[in-house]
Amino acid sequence: MTRLKANILKILFIVLSSLSPLSGFAHPSTPDWVKSAVFYDIYPSSFMDSDGNGIGDIKGIISRLDYVKSLGVDAIWMNPIFVSGWFDGGYDIIDFYKVDPRFGSNEDVRTLVDEAHKRGLKVCLDLVAGHSSNKCDWFIKSATEGRDGRYADYYIWTDSISSKDLKDIEKRHNEKEPISSKTGAWVGVKDQFIGDACIPDADRGSYYLKNYYVCQPALNYGYANPDPTKPWQQPVSAPGPQAMRRELKNIMSFWYDKGVDGFRVDMAQSLVKNDKDKKETMKLWKEMRDWQDTNYPGKVLIAEWGSPDKAVPAGFDIDFYLPWLRKVYADLIWETGKSKQVGPGAYFEKSGKGSIKRFVEQFYSDLEATSPYGYVAVPSSNHDYPRVNAGTRNTPEEVKVFMTFILTLPGIPFIHYGDEIGMRNVDNLPSVEGSRAERSGTRTPMQWKNEPSAGFSSASPEKLYLPVFLDGGKLTVEEQEKDSGSVLNFTRNLIRLRHEHPALGNEGDWKVVTSLDKPYPMVYTRTSGNRTYAVAFNPSAAACDTELDMPDAKSLVPLSAVGKAKAKVKNGKIRLKMDGISAYIYKIN
Ligand code: NOJ
């Protein structure tokens with residue numbers, strides 16, 4: 001999209017938003033540092049263990065900040081670090097105001113923030129806004145202290161549910177694992193089978209609404225269109241849902257006061273129930289954003305929403321592309337679209353299936369919908385889905401091709417810890433703390449050194465949170481530091497290029513210049529002012545070529561290369577031949 005188009009959109013946006021009920025939701029308050037930021041995400045249990053118990057902790061993270069800085073990234077997002085029941089990797093929070101003792105103390109968060117800031121790094125925490133643990137005091141009090149108790153309406157309770165909902169509960173009983181089933185399903189309070197939080201004297205209601213796992217009762221932000229025949233469906237303006245909003249602001253204030261720079265918001269789209277078009281949920285976040293801008297200017301809000309076209313207008317600076325939320329992304333990076341598989345030699349496009357086309361069309365539309373107010377974030381992977389090095393996509397060259405893609409798209413890249421060294425997604429691991437087998441493989445300990453416990457912990461390998469896979473030492477920071485051609489040094493170079501050449505960065509224009517119907521090579525240009533770059537990929541095993549019209553191009557200077565490619569510029573045309581598994585970034589002169 002050109003700047004002119006962006007400016008026209010900006011004016012349109014301001015005019016339209018002044019007419020709509022969400023008026024003024026533009027947020028030019030996005031902090032400057034975000035505009036060129038690359039994020040690094042850390043699963044705290046697996047990054048660095050300072051006390052030898054086999055589980056990562058905050059002091060461990062502090063001890064590795066120099067490494068994080070050396071990658072060239074600008075900010076860290078950490079998954080939840082709060083007191084938890086540990087049935088969902090920390091996303092079942094018992095105390096939102098306290099660091100889980102296994103990670104350290106609240107004071108350690110302050111130290112982490114100070115140490116990060118000294119190095120020019122920002123720190124974002126995870127805000128689990130939609131649910132708590134069923135062991136949270138609020139929930140237990142809500143269940144037991146009657147209808148007038150302070151927490152009575154922090155959750156959604158009823159005594160009567162439909163026979164369909166009863167069957168759903170029954171179905172969950174037969175599952176081996178703590179399955180999530182659908183968001184917003186009912187749970188029988190005397191009938192919980194996750195953990196030991198069964199509450200025998202619950203008098204608030206027989207059933208509560210869950211958000212994800214059974215152990216995660218949904219917090220009550222009200223219903224968009226309450227059904228008068230269902231009294232548990234409170235309007236968003238009711239005292240319970242309003243108290244919940246105040247509590248959320250309180251949690252944010254608490255951590256902002258400790259110096260954190262922002263939040264990634266878990267399931268941000270899930271707060272208001274029965275909110276089909278998300279209008280009420282958007283209004284809620286708009287309120288949060290306005291409150292934040294007034295009280296804590298300069299902080300960043302990152303949504304796990306999966307619809308940047310909604311999340312950004314609602315007040316978020318950034319929203320994620322996640323494979324299950326933007327199917328076009330799954331189709332592009334996984335052969336079957338299923339989380340467990342990456343097909344043979346196949347990523348980006350399995351010939352004839354049109355996934356490049358669908359991705360490009362969706363991505364253009366999301367860029368248009370969010371620019372110039374916010375950003376789409378395409379992560380390398382995360383704690384919920386497989387790493388870059390997964391399935392049959394398993395060579396360093398293939399990983400480099402993928403990293404070139406992630407780090408040359410507009411929007412904000414998020415690098416999952418370990419992807420920068422091409423750590424392997426480990427198959428067939430047990431489910432740990434609600435990870436289920438398919439999420440364990442992307443949560444294994446960071447591999448620092450070629451030692452049995454990978455330099456992650458002084459504990460013996462069998463005591464580690466999850467096992468490591470060193471591949472003879474190749475998949476460690478220590479080994480890759482020594483090799484200028486390693487995935488680690490390659491990734492560092494990509495991040496450096498992104499920062500040094502704004503056209504390649506978060507806000508440069510993006511245009512796919514090859515046919516969307518012919519998979520390879522895929523070439524896009526990135527432009528800012530009078531600088532243009534071409535990024536070319538051939539992720540398939542077979543060689544391929546193309547000819548592009550570029551009337552202004554005189555020569556091409558390669559800035560980053562994977563595999564072999566030949567490019568010739570003649571009479572305003574670029575002739576490009578690429579070997580299998582290759583990716584190039586060219587500066588166009
Ligand atoms: C999304 C988180 O990323 C995931 O790990 C978690 O299980 C669910 N939300 C529930 O909080």
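Which N or O atom, in the side chain of which residue, is 2.7 Å from an oxygen atom of the ligand? I looked this up first, and the residue is D88.

**Basis of the entries.** I note that the model is predicted, that local features need pLDDT of at least 70 and side-chain atom pairs pLDDT 80 or more, and that totals for chains, interfaces and linings use all residues. Residues are numbered from 1 along each chain as its sequence is written, and side-chain values use heavy atoms, with hydrogens and water left out.

**Ligand site.** I counted a residue as near the ligand if one of its heavy atoms lies within 4 Å of it, and I found 13 residues surrounding the ligand, the closest being D88, H131, D266, H383 and D384. For polar contacts I took pairs of N or O atoms within 3.5 Å; within protein, one atom must be able to donate a hydrogen and the other to accept it, and residues adjacent in sequence count only if both atoms are side-chain atoms. I then sorted the shell by residue type, with Ala, Val, Leu, Ile, Met, Phe, Trp, Tyr, Cys and Pro as nonpolar, Asp, Glu, Lys and Arg as charged, and the others, Gly among them, as polar. The shell divides into seven charged, three polar and three nonpolar residues.

**Cysteines.** I searched for disulfides, meaning pairs of cysteine sulfur atoms within 2.5 Å, and the count is zero. For burial I used relative accessible area, with buried under 20%, exposed over 50% and partly exposed in between (1.4 Å probe, protein chains only). C124 is buried at 0%, and C136 is buried at 2%.

**Aromatic rings.** I paired rings of Phe, Tyr and Trp (its six-membered ring) if their centres lie within 6.5 Å, calling planes under 30 degrees apart stacked, over 60 edge-to-face and the rest tilted. The structure holds 43 such pairs. F359 and F363 are four residues apart in helix 11 (residues 355-370), about one helical turn, and both are buried. I also listed one aromatic cluster whose members include F359, F363, Y364, Y385 and W510.

**Backbone.** I took helices (H or I, at least four residues) and strands (E, at least two) as DSSP runs numbered from the N terminus. A cis peptide bond joins Y520 and P521, with omega about -10°, and P521 lies in the loop between strand 14 (509-512) and strand 15 (522-528). E433, a residue other than glycine, has a positive phi near 50°; E433 sits in the loop between strand 13 (412-416) and helix 13 (436-440) and is partly exposed at 21%. R436 also has a positive phi, near 55°, but is found in helix 13 and is buried at 15%.
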